[in-house]
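Visitor: I would like to go through this model and hear the criterion behind each label. Please set each value against its cut-off.

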Amino acid sequence: MLTGVGGEGLLLTRTWPETSLNGERTGRTASSQIAVARVDSAVTVFNDQGWEGTSGNPAILDRVVRDGVRAIDAWQR
């Protein structure tokens with residue numbers, strides 16, 4: 001659950017085996033997040049993919065989602 005974001009919010013975390021730039025498994029895991037936020041009748045999906053198969057940054061996604069929800073809210077007024 002994604003609290004304090006719009007009318008409703010949902011946060012999903014995706015995890016997979018991390019690979020090097022050559023496509024070889026590193027033995028670690030990588031993860032990214034997908035957030036869905038509803039502001040009145042607008043539903044927006046935010047996808048933090050990371051870079052070249054590496055993990056995304058949850059703090060950056062949180063900031064982008066909250067900024068995005070504020071912008072959508074202002075646009076709807």
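Guide: A charge sits over a ring if NZ of Lys or CZ of Arg is within 6 Å of the ring centre and within 35 degrees of the ring normal. Note also that this is a predicted model.

Visitor: What makes R14 and W16 a case of a charge over a ring?

Guide: The charged end of R14 is 4.4 Å from the centre of the W16 ring and sits over that ring. The distance cut-off is 6 Å, so 4.4 Å qualifies.

Visitor: How many aromatic pairs does a search of the whole structure find?

Guide: Zero aromatic pairs turn up in the whole structure. A pair would need ring centres within 6.5 Å.

Visitor: Why is Q33 called buried?

Guide: Q33 has a relative accessible area of 13%. Buried means under 20%, so Q33 is buried. Q33 belongs to strand β2, residues 25-39.

Visitor: What makes the link between the side chains of Q33 and T13 a polar contact?

Guide: The two side chains are joined at 3.4 Å. The limit for the N or O atoms is 3.5 Å, so the pair counts. T13 is also among the residues in contact with Q33, along with L11, L12, F46, N47, D48, P58 and L61, once neighbours within four places in sequence are left aside.

Visitor: How far apart are Q33 and L12 in sequence and in space?

Guide: They are 21 residues apart in sequence, while their C-alpha atoms are 5.6 Å apart.

Visitor: How do you know that β2 and β3 pair?

Guide: Seven bridges join these antiparallel strands. Pairing takes at least two bridges, so β2 and β3 meet the definition. One example is Q33, whose bridge partner in β3 is D48.

Visitor: What makes β1 and β2 a pair?

Guide: Strand β1, residues 8-19, and β2 share eleven bridges in the antiparallel sense. The requirement is at least two, so they pair as well. L11 has A35 as its bridge partner in β2.

Visitor: Which residues take a positive phi in the two hairpins?

Guide: In the hairpin of β2 and β3, with two residues between the strands, D40 has a positive phi near 55°. D40 is a residue other than glycine. In the hairpin of β1 and β2, with five residues between the strands, G23 has a positive phi near 85°.

Visitor: Why is D40 called exposed?

Guide: Its relative accessible area is 54%. Exposed means over 50%, so D40 qualifies. D40 lies in the loop between β2 and β3.

Visitor: Why does E18 count as buried?

Guide: E18 has 11% relative accessibility. That is under 20%, so E18 is buried. E18 lies in strand β1.

Visitor: Which side chains make polar contacts with the side chain of E18?

Guide: The E18 side chain makes a polar contact of 2.9 Å with that of T26, and another of 2.9 Å with that of R28. Both values fall within 3.5 Å, so both count.

Visitor: Which residues make up the largest nonpolar core?

Guide: Eleven residues make up this core: L2, V5, A35, A37, V39, A42, F46, L61, V65, V69 and I72. The elements giving two or more residues to the core are β2, β3 (42-48) and α1 (58-76). The largest share, four residues, comes from α1.

Visitor: Which residues are in contact with A37?

Guide: Apart from neighbours within four places in sequence, A37 is in contact with V5, E8, G9, A42, V43, T44, F46 and V69.

Methods:
Residues are numbered from 1 along each chain as its sequence is written. This is a predicted model: local features need pLDDT of at least 70, side-chain atom pairs count only at pLDDT 80 or more; totals for chains, interfaces and linings use all residues. Side-chain values use heavy atoms; hydrogens and water are left out. Buried means under 20% relative accessible area, exposed over 50%, partly exposed in between (1.4 Å probe, protein chains only). A polar contact is a pair of N or O atoms within 3.5 Å; within protein, one must be able to donate a hydrogen and the other to accept it, and residues adjacent in sequence count only if both atoms are side-chain atoms. Contact means heavy atoms within 4.5 Å. A nonpolar core is a set of buried Ala, Val, Leu, Ile, Met, Phe, Trp, Tyr and Cys residues joined through side-chain atoms within 4.5 Å. Rings of Phe, Tyr and Trp (its six-membered ring) pair if their centres lie within 6.5 Å; planes under 30 degrees apart count as stacked, over 60 as edge-to-face and the rest as tilted.
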